Amino acid sequence: MNDYRSLFADGLWRNNVVFAQMLALCPLMAVTTTATNGLGMGLATTGVLLSANIVVASLRHWIAEEVRIPIFVLLIAALVTLADMAINAWLHELYKVLGLFIPLIVVNCCVLGRAESFASRQPVLASAVDGLAMGLGLTFALILIGGCREVLGSATLFAQASLLLGQSFVFLEITLIRNYPGFLLMLLPPGGFLVLGFLLAGKRAMEQHRVRRQAPVAAPINSTA
Amino acid sequence: MKPEFRQTFSYPIALLGGVALMASAAISVADWLTRADIAQRQLEDLQATLQQVVPVAYYDNDLVRDAVTVNDGQRPVIVYRARRNGQVQAVCYQVSAPGYGNSAMVMIMSVDRNGALLGVRVISHAETPGLGDKIELSRSDWILRFNGRSLDDPPPSGWAVKKDGGIFDQFTGATITPRALVKAVKSGLEFFAAHRMLLLDEIVAGGKF
C-alpha cells in the first residue's frame with residue numbers, strides 16, 4: 001500500500017515527467033496555450049501511458065532484450081492509433097479540439113521511458129499504478145503551464161472547457177478581464193519556454209529552501225517544528 | 001516455452017513479427033468498428049461547414065451528397081451544389097492559399113448562380129494568433145466583407161488589400177494573411193467563371209459549354 005503511495009508521490013511530484021524528468025517538452029510547447037488543451041492532452045496521454053504500461057508489463061517475460069525498443073514503439077504506436085480512432089468516432093467534439101495532437105503522443109518520450117524503465121521490470125498492477133500516476137503528474141503539469149499561459153496571454157481560464165468535458169462544465173470557463181488586448185508572446189512557443197522556466201526555477205527555490213531549513217534541525221529530532 | 005528457443009536467433013524475429021501481427025489485428029478490428037461512425041461524424045462536420053456559407057433558402061436537396069469533382073488545371077476540386085426544385089442555385093467549394101510562412105489556409109466559399117459570393121469561411125489555418133487570425137469569424141467580421149462581391153464588383157484592380165491599392169482592409173501588423181486570402185477568393189471566383197456551365201449542371205446539347 002505504502003509502495004503505491006510512493007509511486008503516486010513519484011509520478012505527481014518527486015519524479016514528475018515534466019518538472020523532474022524534463023520529458024514530453026515537445027507536445028508540451030505545442031499544446032499548452034490553454035488550460036483546457038493541457039487537460040485534454042494530459043488525459044489522452046494518461047490513457048495511453050496506463051494501457052502501454054499494462055501491455056508492456058504483461059508481455060515482459062516474453063520480450064527479448066535485443067528487440068525490446070522496437071516492440072515498445074510498435075505497441076505504443078498501435079495504442080495511440082486505437083485511441084485516435086476511438087476519440088474520432090465516439091468523442092468527436094474532443095477530437096476537433098485535440099485531433100492534431102493525438103498522434104503526437106507516439107513521440108512523447110515519457111511513454112517509451114516508462115515502458116523501458118518501469119513496466120518492463122515490474123508486475124502488471126504496479127505498472128498500471130505507475131502509468132496512472134505519471135499520467136496524472138503530466139496532466140497536472142500541462143494544466144499548470146497551460147493555465148499560466150492562458151491567463152497571461154488571453155486573460156481567460158479553461159476557455160472552451162465545455163467542448164472538452166460537456167455542457168455541465170461551463171462553470172469552469174472564466175474570463176478574468178474583458179476586452180483584454182492579449183499578450184501574444186505567451187501564446188507562441190516562447191511563452192511555453194518562459195512559463196516552464198519560471199516554474200522550474202520556483203520548484204528549485206522551494207526545494208533549496210526546504211533543504212536549508214531541514215539541515216540545522218537534523219540533530220534534535222523531537223524539538224518543536 | 002522451451003528455454004532453448006529463446007536463445008536462438010529466430011526468437012526475436014518471431015517475437016517482433018508476432019507483436020506486429022497482433023498490433024495490426026487490433027487496429028484492423030478498431031478500424032472496422034469505428035469506420036462508419038467516423039464517416040458519419042465527418043459528414044456532419046462538412047454539413048455544418050456548408051450550412052455556414054449557403055443560406056437555407058438556397059436549397060432543398062442534400063447538399064453534401066450532390067457533389068461533383070471538377071479539374072481546375074491539375075487540381076481536382078470537389079464542388080457541392082445547392083439545388084432548389086432541381087435547379088442549381090449556388091455552388092460551394094474549398095480553396096486554399098499559402099498563408100504567412102507558407103502554411104496552408106483552407107477556406108470554403110459559396111457562389112450563387114450569378115457569380116456573386118454568398119460567403120467565405122476559413123476552415124483551418126496556422127496564422128499568428130492575435131495578428132493573422134482575424135480571418136476567423138469568431139474574432140473579427142472581416143471575412144463577411146466578401147459577401148455579395150463578384151469578379152466585377154469590385155473591378156479586378158480592387159481585388160487586393162488597401163495597401164496594394166485594393167478595397168479590402170489589411171490588419172494591423174499582418175498584411176500577408178489578408179493579401180493571400182483576397183487572392184485565393186478571387187481565384188476561386190475565376191474558377192467559377194471558367195467552369196460556370198459545368199458547375200451549374202447546365203451543359204446544353206450542342207453548346208460548347
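At 39% relative accessibility, B:Asp201 counts as partly exposed (buried means under 20% relative accessible area, exposed over 50%, partly exposed in between, with a 1.4 Å probe and protein chains only). The model is predicted: local features need pLDDT of at least 70 and side-chain atom pairs count only at pLDDT 80 or more, while totals for chains, interfaces and linings use all residues. Residues are numbered from 1 along each chain as its sequence is written, chains are lettered from A in the order in which they are written, and side-chain values use heavy atoms, with hydrogens and water left out.

B:Asp201 forms a salt bridge with B:Arg83, the closest N and O atoms being 2.8 Å apart (a salt bridge is a side-chain nitrogen of Lys or Arg within 4 Å of a carboxyl oxygen of Asp or Glu). B:Arg83 lies in strand β2 (residues 75-84) of chain B and B:Asp201 in the segment after α4 (196-199) of chain B, so the pair ties together parts that are 118 residues apart in sequence. Helices (H or I, at least four residues) and strands (E, at least two) are DSSP runs, numbered from the N terminus. B:Arg83 is buried, with a relative accessible area of 15%.

Over all chains, the whole structure holds 19 salt bridges. One of them joins A:Glu116 and A:Arg68 at 2.9 Å, N to O. This pair links distant parts of the chain, with A:Glu116 in helix α6 (residues 109-119) of chain A and A:Arg68 in helix α4 (residues 68-90) of chain A, 48 residues apart. A:Glu116 is buried at 18% relative accessibility, and A:Arg68 is partly exposed at 24%.

Aromatic contacts come next. Rings of Phe, Tyr and Trp (its six-membered ring) pair if their centres lie within 6.5 Å; planes under 30 degrees apart count as stacked, over 60 as edge-to-face and the rest as tilted. By this rule the count comes to 8 aromatic pairs over all chains. B:Trp142 and B:Phe146 pair edge-to-face, 5.4 Å centre to centre with 90° between the planes, and both residues are buried. B:Phe146 also pairs with B:Trp159, here stacked, at 6.3 Å and 15°. B:Phe146 and B:Trp159 lie in the loop between β5 (117-124) and α3 (176-194) of chain B, so the pair ties together parts that are 13 residues apart in sequence. Ring pairs link B:Trp142, B:Phe146, B:Trp159, B:Phe168 and B:Phe171 into a cluster.

As for confidence, chain B averages a pLDDT of 87, and 95% of the residues score at least 70 (pLDDT is the predictor's confidence in each residue, from 0 to 100). The predictor gives the complex an ipTM of 0.75 and a pTM of 0.76.
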